[in-house]
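Hi,

Here is the structure we talked about. Have a look at it first, and my notes follow below.

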Amino acid sequence: MQRRHLLLAMAACAAPAMGASRVDPWPADKPTPPLELQDLDDRPWRLADQAGRVTVLNFWATWCEPCQAEMPSLQALAQRHAASGQLQVIGVNYQEGAMRVRRFVQRHDLRFPILLDEQGTAARAWTSRIFPTTVLVDARGRPRLSVLGEFDWASAEAGALLAPLLARPGRT
């Protein structure tokens, strides 16, 4: 059964790479799923604790080529907003062990928090299991947009997606 899930996830990962990324509004009738996971240092992390800042949740896997390609622009986005504290980039790894993920993070010099979704429950609640998927969450903790597929987070298009969330973080 685990192998079947891995094959489906790998197929889902390849799908967005063949076309352009897609931006979808979060469904109005879909409630915000809880998000409570451990980071690579085994510390608990909760979305509820991010109140007051925009959160960029990137669901990814080390074996996903579009995910790998997207990581440098996510790191640049995290760095660009580090001083203001207004935006937090969070990577949510799909069903991989801490050692494998840690090696990937070190090799790619990622400095934003990485959470471990070892059972895949967060990915099932937050995404359609297309990797990468990035969910933009406003400062009140409400998901606003999902970006399916590889995306350049240093682009003008990314800036346009984030600007409304950053302009009025408490009133979105």
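Strand 1 and strand 8 (residues 143-148) are antiparallel and share four bridges; strands pair if DSSP finds at least two bridges between them. Helices (H or I, at least four residues) and strands (E, at least two) are DSSP runs numbered from the N terminus.

A word on the source: this is a predicted model, where local features need pLDDT of at least 70 and side-chain atom pairs pLDDT 80 or more, while totals for chains, interfaces and linings use all residues. Residues are numbered from 1 along each chain as its sequence is written, and side-chain values use heavy atoms, without hydrogens and water.

The open sheet has eight strands in the order 1-8-7-4-5-6-2-3, with mixed pairing. Its edge strands, strand 1 (22-25) and strand 3 (44-46), each pair on one side only.

Now the aromatics: there are six pairs (ring centres within 6.5 Å; planes under 30 degrees apart are stacked, over 60 edge-to-face, the rest tilted; for Trp the six-membered ring counts). Trp26 and Trp126 make a tilted pair, with centres 5.5 Å apart and planes at 50 degrees. They sit 100 residues apart, Trp26 in the loop between strand 1 and strand 2 (36-39) and Trp126 in helix 4 (residues 121-126). Trp26 is buried at 10% relative accessibility, and Trp126 at 2% (buried means under 20% relative accessible area, exposed over 50%, partly exposed in between, with a 1.4 Å probe and protein chains only). Together with Phe59, Trp26 and Trp126 form one aromatic cluster.

Best wishes
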